[in-house]
Amino acid sequence: MANEIALKAPARTAREVPHTVSPGLWALAWKRLKSDHVGMVSLAIVVVFILMMIASGTGLIAGDWSKEVGVNYAAPSFIGADIEAGAPAAPAAPAAPAIPATEYKSDVVDPLADVLAELKGEKKPRAASAEPPAAGAGEKSVDPLADVMADIRKDAKDKKAEVAEARLPTLPLGGDKWGRDVLKKTIKGSETSIFVGLAAAAVATFLGTLFGAIAGYYGKWVDDAFNWFYSVFNAIPYLLLILAVAAVLQQKGTLTIILILGLTGWTGTFRLIRGEYLKHKAREYVQAADAIGASNARRMFVHIFPNVSHVVLVQLSIYTVGFIKAEVILSFLGFGVPVDVVSWGSMLNEAQNELILGKWWQLAAAGTAMAILVTAFSLFTDALRDALDPKLKGLAGA
Amino acid sequence: MGSFDYAAKIPGLEAVDRYTLRIRLKQPDYNLPYVLAHEPTSAVAREIVAAYADEGGRIMSNPVGTGPYKLVKWVRSSKIVLEANPDYRGFVWDFKAGSDPEDAQIVKEMKGKKMPQVGRIEISIMEEDQSRLLAFQNGELDLMNLEGPLAPKVLNDGTLSPEMKKKGVKLSRFVDPEISYHYWNMMDPVVGGLSKEKIALRRAMAMAYPVAEEIKVVRNGQAVEAQFPIPPGVVGHDASYKSSVKYDPAAANALLDKFGYKKGADGYRTLPDGKPLLIRYASRPDSLGRQQDEMWKKTFDSIGIRMEVQKEKFAELLKLEKQCKLQMRTAAWIADYPDGDNFMQLLYGRNIYQSNNACAQIPEYDKLYEQALKMPDSPERNRLYHEMAKIIETYAPWRLDISRYRNMLVQPRVLGYKKHPILHQEWAYIDVAAEKK
Amino acid sequence: MTAYIIRRLWQMVPTMAGVIVLVFILFNWIGGDPAYVLAGKISNQEQIDNIRRQLGVDQPYYVQLWIFVKQVLTGDFGASWSTNERVSNILATRLGPSLTVLVPLLFLDTALSLTLALAVAYVRGSLTDRMVMIVCTIGLSVSVLVYIIVFQYFFAYKLGWFPVQGWGNSFLENLFVYSSLPILIALVVSIAPNLRLYRTFFLDEINQDYVRTGRAKGLSENRIMWIHVLRNASIPIITHLMAGLPGLLLGAFLIERFFSIPGIGREVILAVERSDFPVIKALTVYVAFATMASNLLADLMYKAADPRVQLK
């Protein structure tokens, strides 16, 4: 831009002396990041995952992950249908399949007898069958409601035949014990896990930054109070803290997990930000802000915060990775996502007993997806940190 | 209250001499012999309690008796080590074979031996299924309780897989004298009560539950559907009885429609008066609890009822249950002693806040129960039990679920082992062949 | 120095007080009622009340809190509510197995990560550096649960190199036979993050002026790395190690559970499951104390390693 001005302007006056605008921290960081190949590849992978998360969150893909489309433990397509696939059939009734049903005349009056009779028409009781009861199978004549039940069933059959969908013998990445598609579960699970990781990281970073800022800025007894609170929190074993918070919050869904992780994980950020605020508080620009009459809050958040924001960003990244992994452990301890939600943690938890049965695909899928994302995120965090604070990379290094 | 006064005279309980305890009853109690044979009930010398009791008054870390083994080491929740008691009077193994074909082999291995043969027993507590099974297959364990999740690895439909048979591993298997059942809190405003519409609600839920699928997927085939409130192996059980409660989601839906549980705009049913309907299912935060949640989620979805899961630790579940504050849960009861009364008492009105976790008080049921209480095992009592089973099916405080198989894996070198459903320790009746390692 | 130590010990008191109150509130409020489990299958309200009386949970809160404080001061937390084993005995017997796994792990981990980190920092920026870091990152992106399941299945069962689980009676047997696979798994999980961290510390030092001066003076790289850089980087390394110690004790609960090692981590999970308050109280207080003590120790070692450091 400076050159263009020089070309156009015939002469330069003092007022028109061009100067280059020096790029700010973020622009410089972005430039550095762009030249870091590993960092960019990682960023790309993370972005892909986040796009997948959004697509899955809006229901575009994997919305029907909970449908049981395959046989139990369906094998992955690239392996081929497993002749042993499916859980073993329920064994025949033990001990006495040949004993005919004994007739007991019952005196019990069924309060619903008239209603059930009304719901059905007239139907003669069918002969007794020795098979264990299944939908639509024969009824026992022992049953005082047999007629009534038979008629309801007849009614239902007349309406429409609800065809049970055929279950697929193989699925792209295999099926779990219920026959749900592992590929869809992995996609939906990544949405949950990443969301939990990001949200919990946001909570923890927010708390840590807020507390750290207040403690570091105000100092004296405020700092002492926060430090005391921090020491107490830190001294209690992390495991117990998690279990305690989990018990307090009572299982109410994914929000609980986010709160558990967020409310217990802020201590690291607190220390860091407090140190930063202590350092910056004494600097001249803050004194200058004071001189122009900026309030404490303004000084804390408008003046100082932008200078520590790169630390906060890196912390956010680190926490995300940590919390995604922690969610797996929480699931193992029984504080995972509720039953209608799937996450990598719940998948790995289910997969615990599957490897030894030879069903390795759910473990592999969730484990691999998590490994790819966490690796990419970690490498990206490294690149981010290097880009924002190049001193660490060293003068001699790349 | 406070400490127990062991010197106080209690009418009916009398230590006649050093080796005799006399109990006098005011009225017949046919269950007393069973209760006395039950493991937690033992007569213990007073000097032992005085010497070893801890602050809780318990002496379980120093049991002193005349049995075949003594406790040598106890690392809580980890390991128990027993060693043969040298002062034990001993006995000669002299049991007769029953109808089971495997009995003949056991008699051949053990007849005439002076018991106990095994000198040292180490019992390990291992929570993880994989650890347990791998340890057994590696030869690190002689006996192992095979739980459902890994059963498909070594069992084919109830018998050992060919590779296990080739190694000479034996299987001791029978249906445990226990029932699992889903109960609804009869004192709960949403699901409880004896009005027709509440009965219809419960029966619809019962009809919508696919027990066969639970057995197949959750239990890996290691259970049978419970038809009668008294399980196999317990006096009063009727193997030919078939419950009238059948899996029929269409009928369940029709029943709910009929009683005014209309579906709202969101596809979920409301109460007949239009208020929202939400069922709270309570379960433990472990792997089984999660699978139970999934089973019931499918069930409720198939009849259009909104469901919410309440997760609590086991201790908390028990507390809320005993206070009748839960709405619905899946519970199990294993026989303390092999008499049907042990099961039928679970719905007796006077046991509310104790073992009656459905908090049920059905007048007809209670009347029949009190009559049955006065009877020994007999066709008359069985008839009463059948009536009571019908009442359970009709009023639906419960939906019977399953009875699980007990599978014990036995290494080839263990001789004479046959798992007993009620007597839980077989140590004094088995032997180990030292040569085959 | 002594004045500093005394002041730090004195400062522990309000922290410990905070821990006591927090634990008390948390577990009294939401810890659950152990009486119902202890009462057994068939019990009535009278029996449950009696048990609660025996355990002392029917007394007013301030009485229970005072009892708790006395317990902390005397170090005697009574007996476990569920198994009646004395808490001091529980801790004494469970600490051994935990340490048998932990101490060798710490030695191996520190030795390996320090060496590798130093080597990698030396060739910073090179392909080796990047490859090692990427492998590390991949390594720590797999959940420890996956490692345990897979390693136990393959190395213990399929290949038979280690026992699948268990714990023996002799110390040597425990150390060499039963701890091997657990230590291996823990090593795989913990080397990666430590390596990355130490590398950062070393790089921080390598960029300092004194390294340039050293090179200008003609010192060999080896001497610079091993003696000067290591010594100066030791401060953050020590702090990191010490801060992580108490957490390691309890954090091994997954490994202890899968390998049936009767250690402290496993004990904590069981205690919480059973609302066994004495055990929970004792463990929390001891670990809190250990955390504060190790922080103090780290600060003191700070001073010993770097005289410039002003202890305030």
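Leaving aside neighbours within four places in sequence, which residues is B:G158 in contact with?

## A glycine in chain B

The answer is B:L171 and B:R173, where contact means heavy atoms within 4.5 Å. B:G158 sits in the loop between β9 (155-156) and β10 (159-160) of chain B. Helices and strands here are DSSP runs numbered from the N terminus, with helices being H or I of at least four residues and strands being E of at least two. The C-alpha atoms of B:G158 and B:R173 are 8.1 Å apart, and the two residues are 15 residues apart along the chain. With a relative accessible area of 14%, B:G158 is buried; the cut-offs are under 20% relative accessible area for buried, over 50% for exposed and partly exposed in between, using a 1.4 Å probe and protein chains only.

## What you're looking at

This is a predicted model, in which local features need pLDDT of at least 70 and side-chain atom pairs count only at pLDDT 80 or more, while totals for chains, interfaces and linings use all residues. Residues are numbered from 1 along each chain as its sequence is written, chains are lettered from A and ligands numbered from 1 in the order in which they are written, and side-chain values use heavy atoms, with hydrogens and water left out.

## Chain A and its helix α3

Chain A has 14 helices and two strands. Of its 398 residues, 49% are buried. Take the contacts in chain A with a separation of 6 or more: 76% of them are between residues 24 or more positions apart.

Helix α3 of chain A covers residues 37-57, and its end C-alpha atoms are 30 Å apart, which agrees with the 30 Å that its 21 residues should span. That expected span is 1.5 Å times one less than the number of residues. At the start of α3(A), a side-chain oxygen of A:D36 comes to within 3.3 Å of the backbone nitrogen of A:V38. After the helix comes A:G59, with a positive phi near 85°. The buried residues of α3(A) include A:L43, A:V46, A:F49 and A:M53. The buried residues of this helix pack against α2 (25-35), α6 (182-218), α13 (344-351) and α14 (361-388) of chain A.

## Two helix pairs

How do α6(A) and α13(A) cross, and at roughly what angle? Their axes come within 7 Å and cross at roughly 130°, the axes being lines fitted to C-alpha atoms, for helices over the stretch in contact, with angles running from 0 to 180 degrees between N-to-C directions. That makes α6(A) oblique to α13(A); angles under 35 degrees count as roughly parallel, over 145 as roughly antiparallel, 65 to 115 as roughly perpendicular and the rest as oblique. On the α6(A) side, the contact residues include A:V182, A:K185 and A:G189, and on the α13(A) side they include A:W344 and A:M347.

Over in chain B, the axes of α13(B) and α14(B) (residues 379-395) come within 10 Å and cross at roughly 160°. The two helices are therefore roughly antiparallel. Among the residues making this contact are B:Y365, B:L368 and B:Y369 of α13(B), plus B:L384, B:M388 and B:I391 of α14(B).

## A serine between chains

C:S141 lies in helix α6 (residues 127-141) of chain C, and it is buried, with a relative accessible area of 0%. Apart from residues up to four places away in sequence, C:S141 touches A:M370, A:A371, A:V374 and A:T375.

There are polar links too. The side chains of C:S141 and A:T375 are joined by a polar contact of 2.9 Å, meaning a pair of N or O atoms within 3.5 Å; within protein, one must be able to donate a hydrogen and the other to accept it, and residues adjacent in sequence count only if both atoms are side-chain atoms. The side chain of C:S141 also reaches the backbone oxygen of A:A371, at 3.3 Å.

Most residues other than glycine have a negative phi, and most peptide bonds are trans. B:C359 has a positive phi of about 50° although it is not a glycine. B:C359 lies in the loop between α12 (341-344) and α13 (363-373) of chain B, and is buried at 2% relative accessible area.

C:S260 has a positive phi as well, near 50°. Its place is the loop between α12 (253-258) and α13 (264-273) of chain C, and at 9% relative accessibility C:S260 counts as buried. As for cis bonds, the peptide bond from B:M115 to B:P116 is cis, with omega near 0°. B:P116 is in the loop between β6 (114-115) and β7 (120-124) of chain B.
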